[in-house]
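Subject: Structure handover

Hi,

Here is the structure for you to look through. My notes follow below it.

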Amino acid sequence: MASVDAYGDVQNLYSATQRVGPTPPETPWAIYLTGADRTYELLCFDHDAKTAGAAAAAARDAEVTAGILSRAGLEPVVCASGPGGGRHVWAALAESVDPETVAGLARLIRHLCPTLDLSPLTNPAAGCVRPPGAPHRAGGVSEVITGSVGALTAPTGTAAQVRAAAEHAAQLVEAAEPAHVPTARRPLPVDKHQHRYLAGPRRPLPRASAAALEEDAAMGDASAVLWRILIGAAASRWRYEDVAALVDRPGMAHVRTERSRGTRVPRTPAQAAERLSHHWNRAVQWVAANPRRESEDDPTFDERAGAIAAHVRTIQQRADASAGRWATPAGPTDRRVLDALCVLALQGLSASVEADIRRLGLLAGIGRETARTGLLRLAAEGWIAQHSPAEGTHAARWTIGPSTAIHSTPPEGRSQVDTRAPRTHTGAAERTALLAELTARTTDAAHDAFTPGALGHHAGNLYARSTPHPQSAAALAQLTGASLARTLRTLDRLVDAGVLLVDTHGWRRPRRDRRAPAATRYGTGGRLASRARTYRLERDLWTWWQAEQAWMRSPRRAPAQRRAGHGQLALIPSDETTSYGAHPRRGGRADYRAARALLLEDNQQPDPLQAQHPTRAAAVTAA
């Protein structure tokens, strides 16, 4: 039952427990979703709505959730939870379902439906929801919109149907085009029309992409079908013209048409070309940053992906529970370093990742020295551990969550019967959803507007946890670990800069991203791009010198032969030649100034150090 304060006001806190008799209470009450064994007998997907705009999103998300359940054979019952526009989507089970399966289904649907509150479906001990007919603290009761209460009082749902719903949700997650596409680690080749592609021999389309080509995309989510085709084509080393030749196939409906008032209308040829070019370049960049491993080629991929997703999720939950750790002076940047390492772990399917401080700095939107000291602090506190130090051109390897073991393969040879529930094939989708969440968070925080001298790192972390829907200051303070007073001060600065908007319902993001104008006003526009150029130059200089040292230590087969210089091609390449060529020398010693000038000339860019710090640049050159 809902608690009542000293003034008689009903709170959104269900702490008093009693067995309900024939006459229900007059105050709001809720029922547990699990039985005494902590397995789920009821499912309820709670789609919250705080504002009129959020109410429309909650209604839309409830429709998507009900569709996923219906497709699996379950009987969803959709209720209007109260006067605010929230929705509850119920399903009753004749067979109880383990908490892990239910939590996985909830996380996947949350990725598709952002209004979903995960709490009831991820807390088997205390998860509870107001059933149909229960009063709301703001007035009214929970009323059935679609479905029948009989489906809840006479349950027919099975565990197999819940697993089927989870696998269908996983397919939708994998097919959805991500909001944030990470930048590839290396520049991608382009064709004569400036369309990106991945080098390598062309292969047949994966089965999922080939099937999507023949799918009637106009009858469903056409953009998701197109994305499924394009990422398969990019991973198979197709070119833009290969995909453009298939534009008349049913699955390419999103290229040919656009939705208008419930129907699809044709695009002009120019619009179609622009759409395909846009989505193709995003798909190539996505595959380059997230190498695909098709299940038919690697049957263990789904299980390994699920294992690393569970490992990273455990670390993130531990970090969220230690919110005060990230409110220290160095806390905001340390949390960014931890999140960046988690992104790399998800991308590489390994808890041990090779990460140099420059790469981490660029991912997190901080300087390399800040990244270095952050790594040392996290290691000292047990969040990470150094697996191996840096050597030559290889960066140090770091293991995230070293005290937590990853279990992906069950032990064999046991005499006992394996009583675990059948495994759902949702590991790859759970990894995709978690990777998208962390990538969006790190990308949103890593901006010129959130560098020192502008709004700062804490403001960036706060912005990264905001949404287009209003949130209270208390909720945002809890997400960042900062005090309410500090959170309010930071929110005021974000509002003054135009980065966030505030109204009576709370703080939210504007429809148009206003971070770039804010950075311009603070004079920090282009800072991260300049830093990226500097780090790329430093990395190339180091790699060139390491290649030169390797050449000096290698045995000479033809001592009198003159090596090709920088930018020159050897007629007969050998193990002694590198793509950099001979390192510039002056008086028999390495000439770093000339090497720097040659690399800058190759990239056709001014010296970033000279542009930002002319005095420091002169000192470095002299040294």
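S388 stands opposite R397 of β14. The model is predicted, so local features need pLDDT of at least 70 and side-chain atom pairs count only at pLDDT 80 or more, while totals for chains, interfaces and linings use all residues. Residues are numbered from 1 along each chain as its sequence is written, and side-chain values use heavy atoms, with hydrogens and water left out.

**The sheet.** β13 and β14 (residues 397-400) run antiparallel and are joined by 4 bridges. Strands pair if DSSP finds at least two bridges between them. Strands (E, at least two residues) and helices (H or I, at least four) are DSSP runs, numbered from the N terminus. The open sheet has 3 strands in the order β12-β14-β13, paired antiparallel. β12 (352-354) and β13 (384-388) are the edge strands, each pairing on one side only. From one strand to the next, the twist averages 35°.

**Helix α13.** D356 caps the N-terminal end of α13, with a side-chain oxygen 3.0 Å from the backbone nitrogen of R358. After α13 comes G365, with a positive phi near 75°.

**α12 against α14.** Their axes are 9 Å apart, at an angle of about 85°. α12 is therefore roughly perpendicular to α14 (the class covers 65 to 115 degrees). Axes are lines fitted to C-alpha atoms, for helices over the stretch in contact, and angles run from 0 to 180 degrees between N-to-C directions. On the α12 side, T333, D334, V337, L338 and L341 make the contact (heavy atoms within 4.5 Å).

**Two arginines.** Most residues other than glycine have a negative phi. R38 has a positive phi, near 65°. R38 lies in the loop between β3 (31-32) and β4 (40-47). The loop between α7 (222-235) and α8 (240-244) holds R237. At 26% relative accessibility, R237 counts as partly exposed.

Best wishes

Methods. Buried < 20%, exposed > 50% of the residue type's maximum accessible area, 1.4 Å probe, protein only. Polar contact = N/O pair within 3.5 Å; in protein donor to acceptor, adjacent residues only side chain to side chain. Parallel < 35°, antiparallel > 145°, perpendicular 65-115°, else oblique.
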